[in-house]
Amino acid sequence: MGNVNHTPHINASVGDFAKTVLMPGDPLRSKFIAENFLEGARLVNNVRSVQGYTGLYKGERVSVMASGMGMPSIGIYSYELFKFFGVENIIRIGSCGGLSESVKMRDIIVGMGACTTSNFAVQYSLEGTFAPIGSYNIMKTVIEEAERIGARYKVGNLLSSDIFYNANPAASQKWTDMGVLGVEMEAAALYMTAAYCKKNALAICTVSDHLLTGESTTAEERQTSFTEMMEVALNTAIRL
Ligand code: HPA
């Protein structure tokens, strides 16, 4: 055990986390990944039941910890991991709503950029707007791994929204008109935190529902597409 490092939201020792952390939104998904994909996984954080594990994938150390939902939540966890636990790379593995005709249910959207409705960037006091982008190096590796296993993927813009139940039902069409591929709630905060901390991040999301067609996936379909995305993310993690 190294130094115990209590941050407000993570209770672990320095060195408990691998240099690359996969981040699903859901803590139980984190546990599922640890139990089904990692060897010798050890629980390294459990504050607020936000389970973080470190184990081996193909002999390499990889961590997985949940982000919770929304920009405030992933903003907290990514900042603490980058700043206090020596983490270099975070790959968000999430789900999103499809916003474009070019994306189909269960496709993987690789978030090259992340637009947002949030005020998260105000803290940086920029005289203009910041364009949150994913890490090119992680993205390149993700695309190679997706190609290798024949996963269906699209690279482009995500929208990180602060609102799931929008009182204005027409709001999403405007983002569709701008060519945004999918809507989720975390990527932009992750990208900005990585930029500020001089670290690397990427969000990849499977399309779990479609705002243009009204389709949604069954739990079983979500599991299958999730497994494919996991394989891409894990094989990427061990190459970073
Ligand atoms: N909106 C926001 N986040 C989401 C959605 C959505 O439609 N689907 C999955 N995550």
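These legends describe close-up views of pockets and helix contacts in a predicted model. Residues are numbered from 1 along each chain as its sequence is written, and side-chain values use heavy atoms, with hydrogens and water left out. Local features need pLDDT of at least 70 and side-chain atom pairs count only at pLDDT 80 or more, while totals for chains, interfaces and linings use all residues.

**View 1. The largest pocket and its lining.** About 990 Å³ of space lies in this pocket. A pocket is an open set of points, on a 1 Å grid over the protein atoms alone, where a 1.4 Å probe fits, with protein on both sides within 12 Å along at least five of seven lines. The volume is the space filled by probe spheres set on the points, which are joined across faces, edges and corners. The lining has 38 residues (those with an atom within 4 Å of a point), and nearest the centre lie Ser-95, Phe-164, Val-183, Glu-184 and Met-185. Elements that give two or more residues to the lining are β7 (89-98), α4 (171-177), β10 (182-184), β11 (200-210) and α6 (219-237); helices (H or I, at least four residues) and strands (E, at least two) are DSSP runs, numbered from the N terminus. The most come from β7, with six residues. By class, the lining has 18 nonpolar, 13 polar and seven charged residues. Ala, Val, Leu, Ile, Met, Phe, Trp, Tyr, Cys and Pro count as nonpolar, Asp, Glu, Lys and Arg as charged, and the others, Gly among them, as polar.

**View 2. The second largest pocket.** This pocket holds about 240 Å³ of space. Its lining has 14 residues, with Thr-116, Ser-118, Ala-121, Thr-129 and Phe-130 closest to the centre. Strand β8 (residues 108-116) supplies the largest share, three residues. Nine of the lining residues are nonpolar and five polar, with no charged ones.

**View 3. Helix α1 against α6.** The axes of α1 (residues 27-37) and α6 come within 12 Å and cross at roughly 65°. Axes are lines fitted to C-alpha atoms, for helices over the stretch in contact, and angles run from 0 to 180 degrees between N-to-C directions. The two helices are therefore roughly perpendicular; angles of 65 to 115 degrees count as such, those under 35 as roughly parallel, those over 145 as roughly antiparallel and the rest as oblique. Arg-29, Phe-32, Ile-33 and Phe-37 of α1 make the contact with Gln-223, Phe-226, Thr-227, Met-230 and Leu-234 of α6, where contact means heavy atoms within 4.5 Å. Six of these residues are nonpolar, two polar and one charged.

**View 4. Helix α2 against α5.** Helix α2 (residues 71-84) packs on α5 (residues 187-197) at about 25°, with the axes 8 Å apart. That angle makes α2 roughly parallel to α5. From α2, the residues in contact include Met-71, Ile-74, Tyr-79 and Phe-82; from α5, they include Leu-190, Met-192 and Tyr-196. The contact has 11 nonpolar, three polar and one charged residues.

**View 5. Helix α3 against α6.** The axes of α3 (residues 136-149) and α6 come within 9 Å, crossing at roughly 130°. This makes α3 oblique to α6. On the α3 side are Ile-138, Thr-141, Val-142, Glu-145, Ala-146, Arg-148 and Ile-149. They meet Glu-228, Glu-231, Val-232, Asn-235 and Thr-236 in α6. Five nonpolar, three polar and four charged residues make up the contact.
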